[in-house]
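Visitor: Hi! Could you walk me through the packing in this one?
Guide: Happy to. Let's bring it up first.

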Amino acid sequence: MTASRVLVLNSGSSSVKYQLLDMADRSRLAAGLVERIGEETSRLVHEPLVGPGAAGGKREQVGPIADHEAALKAVAAELAADGMGLDSPELAAVGHRVVHGGTRFTRPTVIDDEVLAEIRSLIPLAPLHNPANVTGIEVARGLRADLPQVAVFDTAFHSTMPEHVARYAIDAATADAYSIRRYGFHGTSHAYVSRATARLLGRPVEDVNVIVLHLGNGASASAVRGGVCVETSMGLTPLEGLVMGTRSGDVDPAVVFHLARVAGFSVDEIDSLLNKKSGLLGMCGDNDMREVLRRAGEGDEAASLAFAAYVHRLKKYIGAYAAVLGRVDAVTFTAGVGENAHQVREAAIDGLASLGLVLDPRANAVRSAEPRLISAEEARVAVAVVPTDEELEIATQAYELVTR
């Protein structure tokens, strides 16, 4: 029996998302989520997608799950109940999403003690994410020590940015001493979507230049030339770039000094303000785009202003990345907002006919889970909607690495 299955784990500070995929046909076998780990009201939702268990649909259990080890053991038990446990000989690898790989990790990497120590050393660059990623790796290794564990890094796809793009214009010695540079995030999504866009156009990925707009609660843009990232909107952290659900995106760095000197804000207070209390939430009190659109449609001035700021920043990045690429073959929307909010797509593309971008209103209004073109026939540049699949991307990279 050939081992062709990959378990994908995305470990957060109080949650574990997972999917089990069979890379023989790229099918999804099971998926689930453990949330509120460490609380009395912990919740596990497991959905078998094939086999006898699939007929019963989702299974849910609520009750205390003390830590990540208990969470993964509960996940393993659910998978085993469907005949797909961690002891299965069909399991080829576990793929772990790791947010920050620094400059060291630019491709998927089999995890050993040295690699794990290096991932741990990168915690100062991603203090909210890498600790939970490390915990998930440690627990998974303990449950199945003989199985290859593969780290797939959010930053890796963007490691191809030229040095003059990745560098900030600050004192070079300081930048080098503290690893200050632009890393970019959402890399697995940008990688998957840029390749899927080329397939949608029926062209080799090497021949396609695409601007990818990953628009969820976190949002980022990338300029991808021939399958290679040459620019992205997020930087040292995921704070830079587009207006997001709770993050400000681009601001004058002197805002930080002003808040410290004039308002007496501490570093932690400024961090919280810009990361958790800004963006759409800060401007209008809602970070859910559906609610922002509803309120704007009813004439709410704060929601209308927040939406206008969100769209303006999108347009600015589309124009900038068109200049960076020189030739653009497609602009592709993805993630929760990008895939579902036709109003965002319409507003972002409106007025960009001079760049060759024109929407087909009817095509744009259609909701679908399939990749699709929404540009008008006369458009010189394709506009596409491509549902992202970061779990499949992680599974693909992990499987290719362990089966070489």
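This is a predicted model: local features need pLDDT of at least 70, side-chain atom pairs count only at pLDDT 80 or more; totals for chains, interfaces and linings use all residues.

Visitor: Great. How many aromatic pairs does a search of the whole structure find?
Guide: Two aromatic pairs turn up in that search. One is formed by Phe105 and Phe153, which are stacked, with 4.7 Å centre to centre and 10° between the planes.

Visitor: Where do Phe105 and Phe153 lie?
Guide: Phe105 is in the loop between strand 6 (91-98) and strand 7 (109-110), while Phe153 belongs to strand 8 (residues 149-153), so the pair ties together parts that are 48 residues apart in sequence.

Visitor: Is Phe105 buried or exposed?
Guide: Phe105 is buried, and Phe153 is buried too.

Visitor: And the other pair, which residues form an edge-to-face one?
Guide: That would be Tyr317 and Tyr321, at 5.6 Å centre to centre with 85° between the planes. Both sit in helix 11 (residues 301-325), and because they are four residues apart, about one helical turn separates them. Tyr317 and Tyr321 are both buried.

Visitor: Switching to helix 2: which of its residues are buried?
Guide: In helix 2 (residues 113-121), the buried ones are Val115, Leu116 and Ile119. Looking down the axis of helix 2, these buried residues fall within an arc of 100°, so they line one face of the helix.

Visitor: What do the buried residues pack against?
Guide: They pack against strand 6, strand 7, helix 3 (130-143) and strand 8. On the other side of helix 2, Asp113 and Glu114 are exposed.

Visitor: What happens at the start of helix 2?
Guide: There, a side-chain oxygen of Asp112 comes to within 3.1 Å of the backbone nitrogen of Glu114.

Visitor: OK, cores. Which residues touch the most other members of the largest nonpolar core?
Guide: That core has 46 residues, and Leu213, Leu215, Met289, Tyr310 and Val344 touch the most other members. Elements giving two or more residues to this core include strand 9 (209-215), strand 10 (219-225), helix 10 (289-297) and helix 13 (342-349). Helix 11 gives the most, with 11 residues.

Visitor: What does Leu213 touch?
Guide: Setting aside residues up to four places away in sequence, Leu213 touches Ser220, Ala221, Leu314, Ile318, Val331, Thr332, Phe333 and Thr334.

Notes:
Residues are numbered from 1 along each chain as its sequence is written. Side-chain values use heavy atoms; hydrogens and water are left out. Rings of Phe, Tyr and Trp (its six-membered ring) pair if their centres lie within 6.5 Å; planes under 30 degrees apart count as stacked, over 60 as edge-to-face and the rest as tilted. Buried means under 20% relative accessible area, exposed over 50%, partly exposed in between (1.4 Å probe, protein chains only). The arc is that of the directions from the helix axis to the C-beta atoms. Contact means heavy atoms within 4.5 Å. A polar contact is a pair of N or O atoms within 3.5 Å; within protein, one must be able to donate a hydrogen and the other to accept it, and residues adjacent in sequence count only if both atoms are side-chain atoms. A nonpolar core is a set of buried Ala, Val, Leu, Ile, Met, Phe, Trp, Tyr and Cys residues joined through side-chain atoms within 4.5 Å.
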